[in-house]
Amino acid sequence: MKRVLASLALAAAVAAPALAQTVAVTNGRVVTNTSAGVIDDGSVLMRDGDIVAVGADVEIPAEATVVDAEGGWITPGLFHPHTQLGLIEVALEDSTRNAAAGESPFSAALDVSEGFNPSGNHIDEARAEGITRFALHPSTGSTIIAGQGALADSAGAPDSVFTTRDFMVADLRRSGANLAGGSTAAAWAYLRAALDDARAYPGRYQNGGDGDVLTRADAAAMVPVARGETPLVVYIDRAADIRRALDFIEANRSLRLIIAGAAEAHLVADELAAAGVPVIMDPMRNLPDSFDTLASTLQAAARLHDAGVQVAYTTMGSDIYWNPRLLTQHAGLAAAHGAEWEEAFRAITLAPAEIYGVSDRFGALEAGYAGDVVVWDGDPLELMSAPTAVFIDGEAQSLETRQTRLRDRYAEIAAEADFAYRH
C-alpha cells in the first residue's frame, strides 16, 4: 500500500509543471548528510528545483504537492562515482559501445561525454534504484590514458551531462602495463612523458614539433592535469603501486590524484589518509582475480574509513555499465563487514560529490542543494528496500524501466492476449 500511495503522489508531481513547482516530501526518516544528522519524522521542501527547507517542523505551503513517505526513509539521491551508463548498451555488440577508442590516434583529448546516450536503457534501471548522479569513466584504448570523464544525472534528458572534462583517467594496473609495453615501469614512464609533453605545450609542438608520447591535441588536453586544475583518476590495485603513486605526487605536487580500483588500498590506508588522496573502491571485491589483488578483503572499506581516507564506493565487481543499480547492495556489504552505516551511506552520496568537486550542490539534504531526493520504503542499505519516489532537480522521475514494461506485458498470459508479433 505504501508504494501505491507514493506512486499516486509521484504521478501528481510528474504531471505538475517542472518550473515554479513546490514539492514537499513528508513523514519520513530524513538522512541529511549534514551536521543536522538524521531527523525522525522530518520533511524536505523543494521549490524551483532546489531544496529550500529540511527539518522536523517545516511549514508546508498550501500550493505544494505533498509526497507522504509514510514513515520510510528520505535521503539524498545516490551518486555513483564510476560508471559507463549511457556509453555501452550491449557489451558484445561493437555498435553500442562508446567507452573506448582503441583505433584512435587520440587519448587524453577524448571527451567521454561526446559518446554518451542519455536514452540508454540502463540509466532508467539505475534511476529506479535511487541513483540520481553519476560519473562517466572512459576505458583505455591504445595507451594508458583513457581520456576525460564527465558527470551526468539520470533523468534521461538531452542535457543530462552537467559537467564535462571533469577528470582525466589513466590505467596503471596490469592492463595499463600491457598497453605501455609489458611492464609497470613502462606505464609509469609513459605517464611521466605525457606530463612532460603537457608542461612543454605548446612550445614543443611549434613549427611541426612532436611530443615524446602525446599528439598536439592530447598534450593540450593534459595541460589542466599537469597544472592541478583537473584531477587525474588512476586505476591501481596493488599496494606497492599505490605507494609508488604517493611518491609520484610527492615529487609532482601540482597533481591532484584519485585512486580507483584500490583492491589493496587498505594496506596503505594510513599513507593515503596522510596524503589526502581519495579512493574509489568496491567493497564487494574479495577474491584475488589477479596478482595485483591478492590482499582483497571484505573488510577493506572499514579499514579505509577507520584510517580517515575519503572513500567512495563503486560496483566494479558487478559491472559498471549495466549494474550500477546495485550500488546500495555493495554499500550494505561494507556496513555488514565493519563500516559504520553513516560512512557507508556517505560513500555513495556525499563522498563522490566531494571527490569530484560538486559537494556544494549534491549529496546532502540542506537548503541550497539541488532537489535530488529519494524516498525509500526502508533502510536503503537493506537488500529488500527500494525507492518509492525519486526526484532530480526537484522534478519527480518515472520509476518505469524496460524491465518493468516487460514484466507488465507478460505478467498474464492469455489465449486472447495480443502477441508481440505474428508469422
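**Ground rules.** I number residues from 1 along each chain as its sequence is written, and side-chain values use heavy atoms, with hydrogens and water left out. As the model is predicted, local features need pLDDT of at least 70 and side-chain atom pairs count only at pLDDT 80 or more, while totals for chains, interfaces and linings use all residues.

**Entry 1, domains.** I looked up the division of the protein and found domain 1 (17–77 + 363–402) and domain 2 (78–360). Such bounds come from an automatic or database domain assignment. The centres of domain 1 and domain 2, taken over C-alpha atoms, are 29 Å apart. I then looked up contacts (heavy atoms within 4.5 Å). On the domain 1 side 29 residues take part, and on the domain 2 side 27 residues.

I take a nonpolar core as a set of buried Ala, Val, Leu, Ile, Met, Phe, Trp, Tyr and Cys residues joined through side-chain atoms within 4.5 Å. Buried means under 20% relative accessible area, exposed over 50%, and partly exposed in between, with a 1.4 Å probe and protein chains only. The largest nonpolar core has 77 residues, and those with the most contacts inside it include Ile 145, Met 222 and Leu 272. Helix α4 (residues 184–199) gives the most to this core, with seven residues. Helices (H or I, at least four residues) and strands (E, at least two) are DSSP runs, numbered from the N terminus. Domain 1 and domain 2 each supply at least three residues to this core. Apart from this core lies another, of 19 residues, with Val 23, Met 46, Phe 391 and Ala 396 among them. In soluble globular proteins, nonpolar side chains tend to be buried together.

I also listed the partners of Leu 272, leaving aside neighbours within four places in sequence. Leu 272 is in contact with Ile 242, Leu 246, Ile 259, Ala 265, Val 277, Val 279, Leu 304 and Val 309, those neighbours left aside.

Which residues of helix α5 (residues 216–226) are buried? I find Asp 218, Ala 219, Ala 221, Met 222, Val 223, Val 225 and Ala 226. Their cover includes β8 (145–153), β9 (161–171), α4 and β10 (232–236). Just after α5, Gly 228 takes a positive phi of about 85 degrees.

Phe 134 is in strand β7 (residues 131–136). I count Phe 134 as buried because its relative accessible area is 0%. Phe 79 is 55 residues from Phe 134 in sequence, yet 5.2 Å from it in space, C-alpha to C-alpha.

Most residues other than glycine have a negative phi, and most peptide bonds are trans. Asn 27, in strand β1 (residues 22–31), has a positive phi of about 60 degrees although it is not a glycine. Asp 41, in strand β2 (residues 38–47), also has a positive phi, of about 50 degrees, and is not a glycine. Is Asp 41 buried or exposed? Asp 41 counts as exposed, at 51% relative accessibility, whereas Asn 27 counts as partly exposed, at 31%. Asn 27 touches Asp 41, and its other partners beyond four places in sequence include Gly 42, Ser 43 and Asp 68. A cis peptide bond joins Tyr 201 and Pro 202, with omega about 5 degrees. Pro 202 lies in the loop between α4 and α5.

Gly 394 lies in the loop between β15 (387–392) and β16 (395–396). With a relative accessible area of 5%, Gly 394 is buried. Beyond four places in sequence, Gly 394 touches Gln 21, Val 23, Met 46, Gly 49 and Gly 371.
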